[in-house]
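Please look over the sequence and the structure before reading on.

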Amino acid sequence: MARWCLLLVALALAGCPEEVAPLGDREAPAVQVYGVTPTGTRVEPVDGVILVPTVELSLRIEASEPGSVYYTTDGAEPGPRTGGVARNAAVLPLTEDADVRYLAQDLAGNAGTPGQVSVRFDRQAPTLTIDPLGGRFPGPVDVVVSVDEPATLWWSTDGVAPVPATGRGEVSEAAPGAPVTIRLVRDTTLRLLAID
């Protein structure tokens, strides 16, 4: 009985076994970075930028193997003495624009390539300029729709609003300096929707 008690005490004092690096590990961990919106939508970076129209985003930085993920949001080089650290994966709740730098290091001490992702919150809808706005015309008229930022335009000419998810309405891409021209040949009500 005393031996069992001694064994239980020894196990309790030992705690959980520590993770150890595989022998001969010389490969640095890879890193996967993406955002998750409040609705659970995954957002991948495009050219190092995650652009979202939401009020918050959870930025996830995941290492491909056990180790540490170092990160900074103040422009400093990430590492053991700067910024934050997380085990295996970091989750950063963000509500403002941020430039996040990161670095992953595995249990063997192999450090990956430092990286950076910029998170930008676009909470402003595109502004449309329509010329002409309407009126009576002697024949067909070209309506020019300009935008202040790149956007997808959906429109309909039957007076019913276009619905992108159902494919209802016409669609075209527009950008500053590259307006969309819609030719109208009869009396109609033009309805527009722009999404950046």
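The sections below cover confidence, strand pairing, nonpolar cores, salt bridges and one serine.

## Confidence

The model is predicted. Its average pLDDT is 85, and 87% of the residues score at least 70. Where pLDDT is low, the predicted coordinates should not be read in detail.

## Strand 4 and its partners

Strand 1 (residues 31–36) pairs with strand 4 in the antiparallel sense through 6 bridges. In this pairing, valine 36 stands opposite serine 58.

Strand 4 is also joined to strand 7 (residues 89–94), again antiparallel and by 6 bridges. Here isoleucine 61 has alanine 90 of strand 7 as its bridge partner.

## Nonpolar cores

The largest nonpolar core holds 20 residues, and Ile50, Leu59, Ile61, Leu92, Leu94, Val100 and Val119 have the most contacts inside it. Two or more residues come from each of strand 3 (49–52), strand 4, strand 7, strand 8 (98–106) and strand 9 (115–121). A second, separate core has 12 residues, among them Val141, Val143, Val147 and Trp155.

Valine 119 shows what surrounds one member of the largest core. Apart from neighbours within four places in sequence, valine 119 is in contact with Ile50, Leu57, Leu59, Leu94, Asp97 and Ala98.

## Salt bridges

The model has 5 salt bridges. One of them links arginine 42 and glutamate 44, with the closest N and O atoms 2.5 Å apart. Both residues are partly exposed, arginine 42 at 41% relative accessibility and glutamate 44 at 40%. Arginine 60 and glutamate 62 form another, at 2.9 Å from N to O. Arginine 60 is partly exposed at 24%, whereas glutamate 62 counts as buried because its relative accessible area is 19%, under the 20% limit.

Glutamate 77 and arginine 101 also form a salt bridge, with their closest N and O atoms 2.8 Å apart. Glutamate 77 lies in the loop between strand 5 (67–72) and strand 6 (84–87) and arginine 101 in strand 8, so this pair ties together parts 24 residues apart in sequence. Glutamate 77 is partly exposed at 45%, as is arginine 101 at 22%.

## Serine 156

Serine 156 belongs to strand 12 (residues 151–156). Its relative accessible area is 5%, so serine 156 is buried. Its side chain reaches the backbone oxygen of valine 160 at 2.3 Å. Beyond residues up to four places away in sequence, serine 156 touches Ala161, Pro162, Arg168, Thr189, Leu190 and Arg191.

Notes:
Residues numbered from 1 in each chain as written. Predicted model: local features only at pLDDT ≥ 70, side-chain atom pairs only at ≥ 80, totals over all residues. Heavy atoms only, no water. Pairing = 2+ DSSP bridges. Helix = DSSP H or I, 4+ residues; strand = E, 2+ residues; numbered from the N terminus. Buried < 20%, exposed > 50% of the residue type's maximum accessible area, 1.4 Å probe, protein only. Polar contact = N/O pair within 3.5 Å; in protein donor to acceptor, adjacent residues only side chain to side chain. Contact = heavy atoms within 4.5 Å. Core = buried A, V, L, I, M, F, W, Y, C linked by side-chain atoms within 4.5 Å. pLDDT = per-residue confidence, 0-100. Salt bridge = Lys/Arg side-chain N within 4 Å of Asp/Glu carboxyl O.
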